[in-house]
Amino acid sequence: MKKFIYLISPSKIDRNFYKNLDVVLSFNNIKFFQLRLKKIGKIKFLKIAKKVKKVTKKHNVKLIINDSFLLANKLNADGCHMGQHDG
């Protein structure tokens, strides 16, 4: 049985992140990527998420948005992670 990794984003995204994510996902062992940015505004989150989505789509990795089914829906993400105290 082939095993996959569920990768979660760092809490801060820098300009090198997208290139690094592309390299990591190119190994084809990651099935899901969760974008988990807790302390960021919605506009900035959406900007980052759109760039991340391009990379995850390129590598056929499912994009999971943390804490907000509204943002997940707006981005047409593959899923949403909700904690016990979220929305």
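Reader: Which residue stands opposite Ile64 in S3?

Author: The model is predicted, so local features need pLDDT of at least 70 and side-chain atom pairs count only at pLDDT 80 or more, while totals for chains, interfaces and linings use all residues. Residues are numbered from 1 along each chain as its sequence is written, and side-chain values use heavy atoms, with hydrogens and water left out. Strand S2 (residues 30–35) and strand S3 (residues 62–66) run parallel and are joined by four bridges; strands are DSSP runs of E, at least two residues, and helices are runs of H or I, at least four, numbered from the N terminus. The residue opposite Ile64 is Gln34.

Reader: What is the order of the strands in the open sheet?

Author: Two strands pair if DSSP finds at least two bridges between them. The edge strands, which pair on one side only, are S1 (5–8) and S4 (79–81). With parallel pairing, the four strands have the order S1-S2-S3-S4.

Reader: At about what angle does helix H2 run to S2?

Author: Axes are lines fitted to C-alpha atoms, for helices over the stretch in contact (heavy atoms within 4.5 Å), and angles run from 0 to 180 degrees between N-to-C directions. Helix H1 (residues 17–25) lies across S1 and S2, at about 155° to S2. Helix H2 (residues 42–58) lies across S2 and S3, and its angle to S2 is about 175°.

Reader: Why does Asn66 count as buried?

Author: Asn66 is found in strand S3. Beyond its neighbours within four places in sequence, Asn66 is in contact with Gln34, Leu35, Arg36, Lys38 and His81. Buried means under 20% relative accessible area, exposed over 50% and partly exposed in between, with a 1.4 Å probe and protein chains only. Asn66 counts as buried because its relative accessibility is 8%.

Reader: Why does Lys51 count as partly exposed?

Author: Lys51 is found in helix H2. The C-alpha atoms of Lys51 and Tyr18 are separated by 7.4 Å, although the two residues are 33 apart along the chain. Lys51 counts as partly exposed because its relative accessibility is 39%.
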